[in-house]
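Dear colleague,

Please find the structure we spoke about below, followed by some notes on what was found in it.

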Number of protein chains: 2
Amino acid sequence: MTTKNSLSCLLNPRSVAIIGASNDPDRIGGKPISTMLATGYAGRIMPVNPNRREVQGLEAWPTVADLPEVPDVAVVAVPAEQVRGVIEQLAERRVPVAILFSAGFAEVGGAGVAMQDELVAIARRGGTRLLGPNSLGCVNLHTGFVGSFTTLARLDGVFPGNVAVISQSGAYGSHLVSSLVDAGVGLSGVVMTGNEADVSLADVVRLMVDDPNTGVIALYSEGIHDGDGLADALKAARAARKPVVMMKVGRSEVGSAAAQSHTASIAGNDAVVDAVLEELGVVRANTTEQMLDIVRLAGRGIFPAENTLGVVTLSGGAGVIISDAAEEYGLPMPEMPAAAQARMLERLPICSPRNPVDTTGQFLNDPTLVRPFLEMMLDEGGYRSIVAFFSYVATMPAVAPMLREQLTRARERFPDRLYVLVTRGAREAIREYEAAGFTVFEDPSRAVAAIAAMGRFGRAFAAAPAAPAPSVPAVTLPAQTPTEAQAKALLAEAGIASAPERSCATGDAAVLAAREIGFPVVMKILSPDILHKSEIGGVLLDVRDEAAVRAGFDTLLERARQAAPDARIEGVLVAKQLSGGVECIMGINRDPVFGPIAMFGLGGVFVEVLKDVVFHRCPFGEDVAEQMIRSIKGAPLLLGARGRPVADIPALARTLSRLSAFAAAAGPRLQSVDLNPVFAMPAGEGAYAADAVIEIRGEGA
Amino acid sequence: MTTKNSLSCLLNPRSVAIIGASNDPDRIGGKPISTMLATGYAGRIMPVNPNRREVQGLEAWPTVADLPEVPDVAVVAVPAEQVRGVIEQLAERRVPVAILFSAGFAEVGGAGVAMQDELVAIARRGGTRLLGPNSLGCVNLHTGFVGSFTTLARLDGVFPGNVAVISQSGAYGSHLVSSLVDAGVGLSGVVMTGNEADVSLADVVRLMVDDPNTGVIALYSEGIHDGDGLADALKAARAARKPVVMMKVGRSEVGSAAAQSHTASIAGNDAVVDAVLEELGVVRANTTEQMLDIVRLAGRGIFPAENTLGVVTLSGGAGVIISDAAEEYGLPMPEMPAAAQARMLERLPICSPRNPVDTTGQFLNDPTLVRPFLEMMLDEGGYRSIVAFFSYVATMPAVAPMLREQLTRARERFPDRLYVLVTRGAREAIREYEAAGFTVFEDPSRAVAAIAAMGRFGRAFAAAPAAPAPSVPAVTLPAQTPTEAQAKALLAEAGIASAPERSCATGDAAVLAAREIGFPVVMKILSPDILHKSEIGGVLLDVRDEAAVRAGFDTLLERARQAAPDARIEGVLVAKQLSGGVECIMGINRDPVFGPIAMFGLGGVFVEVLKDVVFHRCPFGEDVAEQMIRSIKGAPLLLGARGRPVADIPALARTLSRLSAFAAAAGPRLQSVDLNPVFAMPAGEGAYAADAVIEIRGEGA
């Protein structure tokens, strides 16, 4: 009975009830039935209609209660006001999955939100999972199951294949499916999640990871509801070597506003989304075309972890365009070995054999050269990916059969490589190349982008598991925002070092502390009510002797009293002034979707003006931290650029990784941490936070 | 007789001779004739063949000398070894233009280069212009003139239109033409320049600027031979309001290498190409698709200088994707006025009326809403450009005619706007939308990119002429690389200020100079043989008193003697140490294609690590200089970011613009100038070069 209570029925139901079944094959309640009759769905279809004993030639029942067996899936195609009653009946009979087409719930706001919550609560009582509401439903192209009122399953040219489409938006999902079908891509399943009252993108990704027919997942999202769940599902996809291409819209500020007015979604910070998808080996598509290109090529199931590109072309210009694109997408194009180049020149003196291998139009005079040239590239050049540019010539009837045979014979000797043919012309000729294993692109630059994406999947699938995050002691956050000294003490327990410092309640104590620490020192006002000390003049740098310490103590107290008369003043912090290091910034911010996110950047103008920062979900180990540090544009400043001392990268990475573990251990009450600056000292001398601010979430949050 | 001697015959010859004419309509010497017989070319075709009195039904002559009249154009289709003789005959008869198909000249290097030079010299004697060699020739789609052995003029679906294609590469040019024809774009002329022994891209651009049939120019280049000429031709195109879309390949290092092995081209620094094209109002396409998209839309002839985007969509998801793209391409999407939003909501309560105007699928229930909604957007929203997203629905037979009528009626009221329809499906339906004035895209993001390009053209066409470059006195460069003091003196004559300084031959003189200038000072070794002083320790900063000046003098001389025993030492430069300013860098470098190019950036890490610099051709006025300064990413540091003092931007712009005028006046012997750093002092306090290096070109250069 376990399957009955699980979502796994959604893709492969043995029986389906249509609630609100219509005899009209084109109405919402009629279309799933007429479509399944056309697709040849082998399960039992049970129409429910209080007024008819027969619907589209099938026996019908008046209510859910009358059904002769419990269906695996119920498709609910009734007006919004009747949905509640139907869900009650479905829960009563413990139907595993209900698909809700009806709109008018959370997406319209107000009372719709409460109604939707109520549906979920009712369904849960019976263990019924809800897809929708406001969902276009679910289609399985392999079994012909159609829990949807779209015509997708009957589009011209649709056929079962290995690409699953998962979309929050029904309209955009349909557009994407029709584009894929048009491009000759076979589909496994299509699921539109709509409002995601219950079943989320993450749930459906997991379904597709388990679906043996699915090899590639195309994911479209306008707002992620369950960040951790989605991350886990995407990890499962990576472990199963199923590439995920994700379009997450709402990248821009305008776009995010549009996304919020359109769905009941939370649009997270887009740079965080980028970082998380990168971490999980997902390739992000920013346009529908990128999605199509990458999904199409991924359908070949070849993901070279060490990708290299070999190019054979009959146009030097195209060779240059492809080389430009390869550099842009970071795809190496090593030269052909010299011996092979020499042999190529022997056979075709006019060719340019380096890579791109430019055969010029002369090739056409003797197409039997294609195979030996390509084999030399595959064998001696060892390229994992091949782009062959043959312009519109490749589809000309006089050329196509011969060329296809030449290409095919080379491919059969090296079946583990990726083959892309850039050509244009007769659809029939293109289909034949596709059938022979050559993915056809019209635009050479797009071909290169797609090939580069296959390499990214390959590297993600092959990557060694990241080092574990360091373990830190349990963190007990104070009831409210701590002072700088308290913050540093909390962080010190997690192994995050600050510059030596003392909290001093009097001028005498400050002088004593400075003497112990050594001059010069930094002095800062100490108050739980003053977070941004420098804004009120509450920080003194480069304090060089005892008299200056004593005077500074009085100055800081006076400034604090003036700027914030009601602030509780606990004294002054005296700290060692660090010099000779590189100023960095580290921080934590709580993302509404993905929880605590660590940030790293260089300090000063780099973060202020250039936004040269990197993000990662917490927690993570030192290897990831070091990758982050090395990935920023300003990294050369830490790595000895132009005669600078090399910074203590291991210490910096250790600090960053411990900060991430601290954030994870601190739990949801931690709003943010700011370590600004952190001094990265020269190699071997450590990394020290010179300031620390911890914010606790307000009680309303 | 002037036209006879000019290149203007190339596009519109009244008569054409085919040298090496063949009776076989498919051979190289036969194809131009058979194609012109098919296209109905109205001029006289004169075959030349020593062995036939008749070719393809036309009277033929044995040699050029025998021709009954001087042809406007001669097409040369003979083997390479006969070309020289033919050119001699053509020059003899003063034929205005010869088109050379033959390959085997400069592109193969060695003796081919000399042979090609010889052809040009021979042709010049008769005033004959050469297109090629290694050229696919020229086609005029309006007159049916075909000086080419391609089949382009007979492609399926080809028709006369307003787009000219100019390409160095024949193979890539053909690919581009076939793509344009396939996309339903009408062509005016096609010219492939090949080796450009004589006729250059610039010459052909000028032809197209003068051609009344041409409205849009698509330009493909692998290497620019005549930078100044091309820049002038592109300026003429801008003045004629003819948009130029240029693909200049060889962007990457790999790509540049491929370009060099392919043609006899000079691939310039790509960032310089970007800067020059931007300056000239040319939109650069990096891929064939971008070229197609922009050319296609430009064919509408609508270039809004103040572009705004209104979006109507039946999918919220598509609205978000389009908004994301608009932000990426800098295309504003103002909201609809509140009153219009209210009226939209009245008529369609489920819509989201801000912009994107999301009508949801409900629109389809009442397509008569399309016109009033669109008219509200055009009238009250005032959008200059419209994207309508109707997915595949717009081409469905049940929807298309009604929707087209609605859209067309709105468009007729506002014919000066740009209209893009995003849809997919039946080719016939798409053609009908195109004919009705709606440019159709399948991908919404590409549509937005193309619309943004129209705005860039509009701004370029509407821009006020830039301020004139400042006039500077004539520059007389010394015979060899000057010392720092000489360099500064030269620059001072052009109005470029340095920090106050003195050249001092003795320690006593240095002390006196420091006293006059005021402490602290900077001291630098002074030698014509030591260009990079800091590398040998030849610079002392922050010298604070007379004793230190005296000691510093000896230290510098000693270091110079150790590091460069043979260097001529002229003494030490004592200069005021500037403080409180922002360190910038200015420079000049001689580009092999475009001559002296000015560079501006912030100093230190910005230029070293982040390559945050901007380029411009010399000379230019202060307005351009200020735009350059404001365009770098680090500009906020000069503009008062985070409480910094605002720098003296006018003085900085004046210095940069004068440097550009200096470089232009100095002529081709100037290899480079480095002002590093230039201190941009706080507003009103000026900008001063603290170091100056001028390099003179070696005699071999």
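B:Gln341 counts as buried because its relative accessibility is 14%, where buried means under 20% relative accessible area, with a 1.4 Å probe and protein chains only. B:Gln341 belongs to helix H11 (residues 338-347) of chain B, a helix being a DSSP run (H or I) of at least four residues and a strand a run (E) of at least two, both numbered from the N terminus. Apart from neighbours within four places in sequence, B:Gln341 is in contact with B:Glu335, B:Met336, B:Pro353 and B:Arg354, contact meaning heavy atoms within 4.5 Å.

Please keep in mind that this is a predicted model, in which local features need pLDDT of at least 70 and side-chain atom pairs count only at pLDDT 80 or more, while totals for chains, interfaces and linings use all residues. Residues are numbered from 1 along each chain as its sequence is written, chains are lettered from A and ligands numbered from 1 in the order in which they are written, and side-chain values use heavy atoms, leaving out hydrogens and water.

Chain B also holds an open sheet of four strands in the order S20-S23-S21-S22, with antiparallel pairing, where two strands pair if DSSP finds at least two bridges between them. At its edges are strand S20 (501-504) and strand S22 (539-543) of chain B, each of which pairs on one side only. S20(B) and strand S23 (residues 571-576) of chain B are paired in the antiparallel sense over four bridges, and B:Cys504 stands opposite B:Val572 in S23(B).

Conventions
Buried < 20%, exposed > 50% of the residue type's maximum accessible area, 1.4 Å probe, protein only.
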